[in-house]
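Let's take a friendly walk through a protein fold. Have a look at the structure below, and then we will go through its parts.

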Amino acid sequence: MLQFLNGAPNFIYSNYSVPVDKAFEKMSNSQLEEEIKQQIRPVESVIILGGIYVSYSKWIQFEIDYAKSLMKPIIGIQPWGAQRMPLAVQNAANIIVGWNTGSIVKAIREYSI
């Protein structure tokens, strides 16, 4: 998805997602919760990828709940070719968009201050 955002014309953003090299598997649950909170606090909107929900549902649900507690808009991204979106993401998202640059950027612009 980052390649979509990086290639979008006239679009500047900050990436607060988990760095690939971070060793979150070595953290306790409370440490991981705090790390997620630190990533969500400064953002204007939270993007949830529907395709990875099954593998990380506990943590994605935590992200959803925390984002909602801060009244952050949630943008659900339906993976390319996917027929379904997880119900938890459907219920939480302010908008669900397809896996393409135009719809993702438009939703970010619309739901971010």
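## After helix H3

Helix H3 is followed by Met-71, whose phi is positive, near 60 degrees. Helices here are DSSP runs of H or I with at least four residues, strands are runs of E with at least two, and both are numbered from the N terminus.

This is a predicted model, so local features need pLDDT of at least 70 and side-chain atom pairs count only at pLDDT 80 or more, while totals for chains, interfaces and linings use all residues. Residues are numbered from 1 along each chain as its sequence is written, and side-chain values use heavy atoms, with hydrogens and water left out.

## Helix H3 itself

H3 covers residues 57-69. At 1.5 Å a residue, its 13 residues should span 18 Å, because the expected span is 1.5 Å times one less than the number of residues. The C-alpha atoms at its ends are 18 Å apart, which agrees.

Which residues of H3 are buried? They are Trp-59, Ile-60, Phe-62, Ile-64, Tyr-66 and Ala-67, where buried means under 20% relative accessible area, exposed over 50% and partly exposed in between (1.4 Å probe, protein chains only). These buried residues pack against helix H2 (29-40), strand S1 (46-49), strand S2 (74-77) and helix H4 (87-92); contact means heavy atoms within 4.5 Å.

## The nonpolar cores

A nonpolar core is a set of buried Ala, Val, Leu, Ile, Met, Phe, Trp, Tyr and Cys residues joined through side-chain atoms within 4.5 Å. The largest one has 17 residues, of which Ile-36, Ile-40, Val-46, Ile-48, Ile-64 and Ile-74 touch the most other members. H2, S1, H3 and H4 each give two or more residues to this core, and the largest share, six residues, comes from H3. Apart from this core lies another, of 12 residues, among them Met-1, Leu-5, Val-105 and Ala-107.

## The sheet and its helices

Three strands form an open sheet in the order S1-S2-S3, and the pairing is parallel. S1 and strand S3 (95-97) stand at the edges with a single partner strand each, so one side of each has no neighbour in the sheet. Two strands pair if DSSP finds at least two bridges between them; S2 and S3 pair over three bridges, and Ile-77 has Val-97 in S3 as its bridge partner.

H3 lies across S1 and S2, running at about 155 degrees to S1. Such angles run from 0 to 180 degrees between N-to-C directions, with axes fitted as lines to C-alpha atoms, for helices over the stretch in contact.
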